[in-house]
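This report was prepared for a reader who wishes to relate the sequence to the fold. The sequence and the coordinates are shown first.

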There are 2 protein chains.
Amino acid sequence: MGGPAFCALADWGTSNFRLWLVDYDGNVLGERESDQGLSAVTDGRFETVLESHLTALGAAGNIGVVAAGMVGARSGWREAAYAETPTLLTDLHAHAVSPAAARPVYILPGLCQKTTGAFDVMRGEETQLAGAVASGLTDGVFCLPGTHAKWAELFGGRVMRFQTVMTGELFSLIGRQSILRLSIDAGSHTLPDDPVFEAAVEEAFDDGFSLPASLFSIRAASLLSQPKPGDAAARLSGLLIGAEVAGVRSYLSAAGPIHLVGSSALNPLYAKALLLAGKTTAVLDGGELVRKGLLSAAHKLFPSSQSEVVS
Amino acid sequence: MGGPAFCALADWGTSNFRLWLVDYDGNVLGERESDQGLSAVTDGRFETVLESHLTALGAAGNIGVVAAGMVGARSGWREAAYAETPTLLTDLHAHAVSPAAARPVYILPGLCQKTTGAFDVMRGEETQLAGAVASGLTDGVFCLPGTHAKWAELFGGRVMRFQTVMTGELFSLIGRQSILRLSIDAGSHTLPDDPVFEAAVEEAFDDGFSLPASLFSIRAASLLSQPKPGDAAARLSGLLIGAEVAGVRSYLSAAGPIHLVGSSALNPLYAKALLLAGKTTAVLDGGELVRKGLLSAAHKLFPSSQSEVVS
């Protein structure tokens with residue numbers, strides 16, 4: 001059932017807030033989730049929001065909190081400057097900052113890349129990667145699908161390089177707001193075995209593929225032929241995920257499966273696209289990873305707590 | 001100064017309406033322009049809109065009208081079914097339709113492509129291409145930059161194949177609504193000699209370039225470095241136009257310059273991108289082309305008018 005409360009762990013992004021009260025071993029004693037992400041917090045009332053959820057969980061006033069995500073951005077509670085690649089993920093706690101608060105609160109840094117690849121940043125995903133390292137996955141390639149998909153290569157527990165691909169945001173903008181919205185069924189759900197999806201992925205792998213030059217054919221097809229409902233969405237999804245995989249091809253040469261950390265809707269599509277690129281995949285639970293990454297930092301930030309707890 | 005009024009020519013698109021009263025030789029006797037495109041015409045009051053502008057020009061009730069553009073779409077005044085490639089551009093009039101109206105009105109068809117390339121459609125640009133043919137440009141490659149850029153290859157006055165590239169729409173969606181909006185200066189105007197633009201075009205020409213994988217670096221650069229104002233817009237513009245040119249590379253092998261039919265803002269950027277791809281360009285005036293294309297059809301649709309005029 002778990003021991004006494006050790007600390008609280010917060011995954012605090014732009015549009016979502018998740019909080020777990022855990023014991024020293026990470027057993028979850030209580031959990032909260034809300035849409036009080038950064039964009040919903042007004043007048044900098046971060047502490048008020050956090051305390052309301054801690055109170056709901058019955059967390060004592062001396063319980064410490066470790067948070068990760070956009071809460072540490074310039075526009076967040078307090079800026080936690082990016083740690084720069086190559087970054088040892090077991091050292092995130094060393095770059096944590098503490099906002100002014102009644103209880104101990106630490107915010108973990110995001111990562112930035114200046115020299116190991118194109119300019120890039122992440123906030124939140126590094127803590128999931130730290131959770132993977134805490135689970136023993138110190139080497140390999142990780143793919144975190146989403147609004148801004150992240151790819152990262154780990155070696156010896158370090159992020160050697162990473163890349164953001166705006167696949168989810170492009171799917172949403174193009175599918176809902178461009179001329180293609182007239183051809184795309186709003187509620188359609190693409191399946192990985194859909195031959196339209198597979199063909200679009202393969203098309204995007206071709207030498208000479210150009211996303212802007214391929215998109216309008218989706219609209220024209222719906223004017224000139226009778227595509228099945230869902231075909232347009234499947235094709236857009238396949239072109240975008242295919243273009244993503246083609247764009248990170250240098251990550252695919254690493255040995256071992258790609259570790260996929262996405263939603264139950266996206267993981268199968270990425271797994272199929274990666275299979276078509278010759279890679280196997282292994283799915284990890286993103287919520288579990290972020291808890292493990294936060295807990296790993298908490299053990300270092302609150303070192304005396306264990307002795308207190310076990311005394 | 002021009003002879004007596006021969007007919008009126010209308011370029012009637014989704015968001016714009018242009019009308020010219022011309023004599024038999026195409027000399028402009030009067031001109032109207034408004035934002036009464038399709039999306040502003042309510043309850044199908046196309047004839048009312050048209051007549052109000054004809055009245056303003058003092059056009060007699062027996063003056064005929066030839067129109068092109070989205071006014072012939074399914075959602076327009078009356079649908080003019082697409083003519084299919086390869087299409088002889090001097091034959092557009094043969095596919096014209098007449099809506100019910102008090103005076104003679106003809107709407108020219110758009111073009112569709114089913115077998116000479118990927119599914120594609122155009123409405124309005126084919127009349128500009130017909131104008132080029134009427135000017136003696138019967139062969140070569142035409143690039144019409146815009147919201148939906150069109151590329152077309154002409155041979156013997158026929159459109160052999162064409163391709164739509166959603167460059168303008170993507171620039172607007174990504175620049176104004178994606179996360180990149182936070183990095184892009186709203187009013188910035190990219191110049192063709194901007195080294196940031198040139199470098200982005202060259203980047204998009206690279207084998208293995210992937211647009212979704214390259215975009216986020218624009219955001220990251222503005223967080224991690226001090227780009228000059230306008231750099232982000234120049235880079236986005238270069239990546240998109242570069243990706244467009246790379247996507248239509250099969251059009252670039254034709255002999256002769258690429259005929260550019262765009263705005264004064266876009267033409268120089270396309271000319272530079274095409275120069276970097278090894279092609280020269282020749283700029284044509286789009287308004288003049290559409291008038292010539294419409295007039296050429298009018299000469300065939302109103303054959304008796306000349307004799308009336310000259311008698």
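The text below describes a predicted model, beginning with a strand and its sheet and moving on to helices, the interface and a loop residue.

In chain B, five strands make up an open sheet with mixed pairing, in the order 3-2-1-4-7. The edges are taken by strand 3 (28–34) and strand 7 (105–107) of chain B; each has a single partner strand, so one side of each lacks a neighbour in the sheet. From one strand to the next, the twist averages 15 degrees.

Strand 1 (residues 7–12) of chain B runs antiparallel to strand 2 (residues 17–22) of chain B, and six bridges join the two.

| Residue | Bridge partner | Strand of the partner |
|---|---|---|
| A8(B) | L21(B) | strand 2 of chain B |
| L9(B) | W20(B) | strand 2 of chain B |
| C7(B) | G64(B) | strand 4 of chain B |
| G140(A) | L154(A) | strand 11 of chain A |

How many of the six residues of strand 1 of chain B are buried? Six of the six are, so strand 1 of chain B is largely enclosed by the rest of the structure. C7(B), L9(B) and D11(B) point one way from the strand, whereas A8(B), A10(B) and W12(B) point the other way, and all are buried.

The largest nonpolar core has 206 residues, and A8(B) and L9(B) are among those with the most contacts inside it, together with A8(A), L9(A), V66(A) and V66(B). Setting aside residues up to four places away in sequence, V66(A) touches C7(A), L9(A), Y106(A), L108(A), L294(A), A297(A), A298(A) and L301(A).

Chain A is divided into domain 1 (7–137 + 286–310) and domain 2 (167–283). The centres of these two domains of chain A, taken over C-alpha atoms, are separated by 32 Å.

An open sheet of six strands is found in chain A, in the order 6-12-11-10-13-14 and with mixed pairing. Strand 6 (87–88) and strand 14 (281–283) of chain A stand at its edges with a single partner strand each, so one side of each is left without a neighbour in the sheet. Within this chain, strand 10 (residues 140–144) and strand 11 of chain A pair in the antiparallel sense over five bridges. Helix 7 (residues 266–276) of chain A lies across strand 10, strand 13 (258–260) and strand 14 of chain A, and runs at about 165 degrees to strand 13 of chain A.

Helix 4 (residues 195–205) of chain B has the buried residues V196(B), F197(B), A200(B), V201(B) and A204(B). These residues lie on the same side of helix 4 of chain B because they cover an arc of only 135 degrees around the axis. An α-helix has 3.6 residues a turn, so residues three or four places apart point the same way. The cover over the buried residues of helix 4 of chain B includes helix 6 (231–247) and helix 7 (266–276) of chain B.

In helix 3 (residues 167–177) of chain A, the buried residues are T167(A), G168(A), E169(A), L170(A), L173(A), I174(A) and G175(A). Their cover includes elements of both chains: strand 11 (149–155), strand 12 (158–165), helix 5 (211–224) and helix 6 (231–247) of chain A, together with helix 3 and helix 5 of chain B.

## Contacts between the chains

Between the chains, 39 residues of chain B are in contact with 39 residues of chain A. On the side of chain B that touches chain A, two or more residues come from each of strand 9 (120–122), strand 12 (158–165), helix 3 (167–177), helix 5 (211–224) and helix 6 of chain B. Helix 5 of chain B gives the most to this side, with ten residues.

## A loop residue of chain A

D35(A) is located in the loop between strand 3 (28–34) and helix 1 (46–56) of chain A. Is D35(A) buried or exposed? D35(A) counts as exposed because it has 9 C-beta neighbours inside 10 Å, where the cut-off for an exposed residue is 12 or fewer. Apart from neighbours within four places in sequence, D35(A) is in contact with S15(A), N16(A) and A40(A). D35(A) and H93(A) are 58 residues apart in sequence and, C-alpha to C-alpha, 26 Å apart in space.

Note on methods:
Residues are numbered from 1 along each chain as its sequence is written. Chains are lettered from A and ligands numbered from 1 in the order in which they are written. This is a predicted model: local features need pLDDT of at least 70, side-chain atom pairs count only at pLDDT 80 or more; totals for chains, interfaces and linings use all residues. A residue is buried if 20 or more other C-beta atoms lie within 10 Å of its own, exposed if 12 or fewer, and partly exposed in between; C-beta atoms are placed from the backbone. Helices (H or I, at least four residues) and strands (E, at least two) are DSSP runs, numbered from the N terminus. The arc is that of the directions from the helix axis to the C-beta atoms. Two residues are in contact if their C-beta atoms, placed from the backbone, lie within 7 Å. Two strands pair if DSSP finds at least two bridges between them. Axes are lines fitted to C-alpha atoms, for helices over the stretch in contact, and angles run from 0 to 180 degrees between N-to-C directions. Domain bounds come from an automatic or database domain assignment. A nonpolar core is a set of buried Ala, Val, Leu, Ile, Met, Phe, Trp, Tyr and Cys residues joined through C-beta atoms within 7 Å.
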